[in-house]
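This report describes how a two-chain model is built, taking each chain in turn and then the contact between the chains. Please look over the sequence and the structure before reading on.

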Amino acid sequence: MQGGLWYFLTMFGSIIALIIGYLSITGERQANALNTLITKPVYRDSVINGKLLGDVGFLSFFFLVMSLIYTSGMILVVGGAIGPILESYILSIPVSILLSLFCVMIFYSFALLTTILIKRQTVSLFTCAIVWLLLTEVIPTTDFGWYIGALFGESVNAVWDMVSMICPTYILLPVFRSNGGDLIHTLFSFNGSVLLLIVYFIVILFVNYITFLRSDIA
Amino acid sequence: MNILERSPVITIANMEFTVLARQPLIWIICIVIVLLSFVHAAGNMVLLPQWILDGSSEVFISGAMNNSFWYTTLFCSLLAMGIGITSISEERSNGNIRVLLSKPMYRRDLIAGKFLGASAFLLVAVSMALVLCVVTTLLVFNGPVSLSDLAVRMSCYGIVLFLYCVLTLGIAMLIGAYFKELALALIFAFSYMYFGWILCYYFDYFKGTISSLKLLDPYRLYCGIVFESGIGIFNVSIPVVTWFNSVSLEIGFLILEIIVIFLANCIVFNKEES
C-alpha cells in the first residue's frame, strides 16, 4: 500500500512538477513579467528561491490532497483488510510525502533548467518530456533491462539495481516495496538510496542557481 | 504536373515538409529513436541466439520485432505530437500563420496542406525508424529469418503505426488550433498523451457494450489492432491475412477517426481570428 502511494505520488507528481517547472519561467517570459521582475531591486537568487518555495508549497498541498484521496479510496475498496497495517500506514504518510517531494523536485528543477537554457518553448517542453519518458517509461522496463543486461553479461536484476540509481522515481521503490509496514525503520537500512535522491536534487538545484544567475533569461 | 504546381494544398504541403525537416525538436526525437534502435539491436545480438531453441525463424519477428513496439510507438507518436504542435501552435506564436492567412487561399486548403505535408514527413520518419530497427537487428543476427514474412509483417505494422501517428498529429493540430496560447497547447497535448497511455489499460475492465468505448481511445484502438487478442501482427503462427481480417473493422475505425479529426481541425481553424 505504501508502494502504491509512492508510485501514485511520484508518477503523477513528476508530470505535474515538470509542468509547473516549465510554466514558472515560460509563463512569465511570455507575459514579459520576467523582464519586469529582474529590473526590480531583488537578487536573482531571490527570484529562484521565491519560485522554488511557492512551488514546493503547492506541490506539498497537492500531495497531501492526493494522499487523502488515495487512502480514502483504498479504505473504501479494501475495507477492513487493511486494518492491521492502517496505523503504521497513516504514520508513514508524511515521510512518503516528503520523499516524493524530493523525487519530483528533481523533475521540477530539470524543467526549470531546460526552460532557462532553451528559449524555444516547444523544444524546451519536449526535451523535458523526452527525458521524463526515458527515465520513467523506457529505461526502467524489463526489455531495456534485458538488452543492457545481455550486453554487459549481467542479470536483469543487476540491471534493475543499476537502473534504479539513474531514475529518480525508482530509487526508493525497493524501499517501499520491501518494507513490512514499518517504513521509517526500513528507510534506515536503505539510507544510501535516500541520500542519493537528496544528492540528485541538490546537484540539479545548484546547476539551476548557477545557470539562472549567469544567463540572459529575458 | 502543372495542376500540382498550382494547387495551394501541394505548395503548403511542400513548404511544411521542408520546414519540419529543419526543426531542432524533430531532430532531437529522431536522434533518440536512432540511439534506441542501436540499444535494441545490441541487446538482441546477445539475446536472440539464446532464444533460438529449435532453429526456427520465429524468434526474430515474435521476439526482436515485438520488443521494438514500445519504443517505436512511444517516440513516433511523440514525434507526431511535436509536429502537430509545431505546425499550428508554434507558427501562431511566432506570427508565421498570420502571413499564411493573408494569402489568397481557403483556410481548409491551408489546413489540408499542413496536414498532408506533416503526414508525408511522418510517413518518411516512421518508415526510416522501422527500417533502421530491422536493419540494425538483422546485421547483428545470424539466425534464420523469413525475409518475406518479415517484410509483410513490418509493412503492416508500419502502416498501422503511421495511421496512429497521423491521428495523433491531427489531435495535436486540433489542440494547437483550439488553444491560442502555445504553453497551454503544449501542456494539454502532453497531458492528453500521457493520460491516454494510462487510461488505455482501464478499458480492459469494461465488459459488454461499454467495452466498445475503447474504440474512442486512439492508443487503445491502436494496441488492439497490433495485438488483437492473441493473434497479433508479430504472432508468426497466425497468417497475416487472418490478422488483417480480424482487425479490418478497427483499422477502418482508425481511418474514420483521422477523417473526423481532420474535419474538426478545418472547422476550428475556420473560426480562427486573423
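How many helices and how many strands does the secondary structure of chain A come to?

## Chain A overall

The model is a predicted one, and in it the secondary structure of chain A comes to 11 helices and zero strands, so that reading along the sequence gives the pattern α-α-α-α-α-α-α-α-α-α-α. Of the 218 residues in chain A, 34% are buried. Among the contacts in chain A with a separation of 6 or more, 76% are between residues 24 or more positions apart.

## Helix α3 of chain A

An α-helix has 3.6 residues a turn, so residues three or four places apart point the same way. Just after α3(A), A:Gly79 takes a positive phi of about 70°.

## Chain B overall

Chain B has 11 helices and zero strands, and its pattern along the sequence reads α-α-α-α-α-α-α-α-α-α-α. Buried residues account for 44% of the 274 residues in chain B, and of the contacts in chain B between residues at least 6 apart in sequence, 80% join residues at least 24 apart.

## Helices α8 and α9 of chain B

Helix α8 (residues 147-178) and helix α9 (residues 182-200) of chain B pack at an angle of about 145°, their axes lying 9 Å apart, and the crossing of α8(B) and α9(B) is right-handed. From α8(B), the residues B:Ile171, B:Ala172, B:Ile175 and B:Gly176 meet B:Ala185, B:Phe188, B:Ala189 and B:Tyr192 of α9(B). By class, the residues of this contact are seven nonpolar, one polar and no charged.

## Helix α11 of chain B

Helix α11 of chain B, residues 240-270, has 31 residues and reaches 42 Å from its first C-alpha to its last, which is close to the 45 Å expected at 1.5 Å a residue. At B:Val247, α11(B) bends by about 55°, and B:Val247 is itself among the buried residues of α11(B), which also include B:Trp243, B:Leu254, B:Glu257, B:Ile258, B:Ile261, B:Phe262, B:Asn265 and B:Phe269. The elements that cover these buried residues include α7 (107-140), α8 and α10 (218-226) of chain B.

## The contact between the chains

The contact between the chains takes 24 residues from chain A and 26 residues from chain B. On the side of chain A that touches chain B, at least two residues each are supplied by α1 (2-30), α5 (121-138) and α6 (142-152) of chain A, and the largest share, 11 residues, comes from α5(A). Sorted by class, this side of chain A has 15 nonpolar, seven polar and two charged residues.

Methods
Residues are numbered from 1 along each chain as its sequence is written. Chains are lettered from A and ligands numbered from 1 in the order in which they are written. This is a predicted model: local features need pLDDT of at least 70, side-chain atom pairs count only at pLDDT 80 or more; totals for chains, interfaces and linings use all residues. Helices (H or I, at least four residues) and strands (E, at least two) are DSSP runs, numbered from the N terminus. A residue is buried if 20 or more other C-beta atoms lie within 10 Å of its own, exposed if 12 or fewer, and partly exposed in between; C-beta atoms are placed from the backbone. Two residues are in contact if their C-beta atoms, placed from the backbone, lie within 7 Å. Axes are lines fitted to C-alpha atoms, for helices over the stretch in contact, and angles run from 0 to 180 degrees between N-to-C directions. A crossing is left-handed if the near helix is turned anticlockwise from the far one by less than a right angle, and right-handed if clockwise. Ala, Val, Leu, Ile, Met, Phe, Trp, Tyr, Cys and Pro count as nonpolar, Asp, Glu, Lys and Arg as charged, and the others, Gly among them, as polar. The expected span of a helix is 1.5 Å times one less than its number of residues. The bend at a residue is the angle between axes fitted to the seven residues ending there and the seven starting there.
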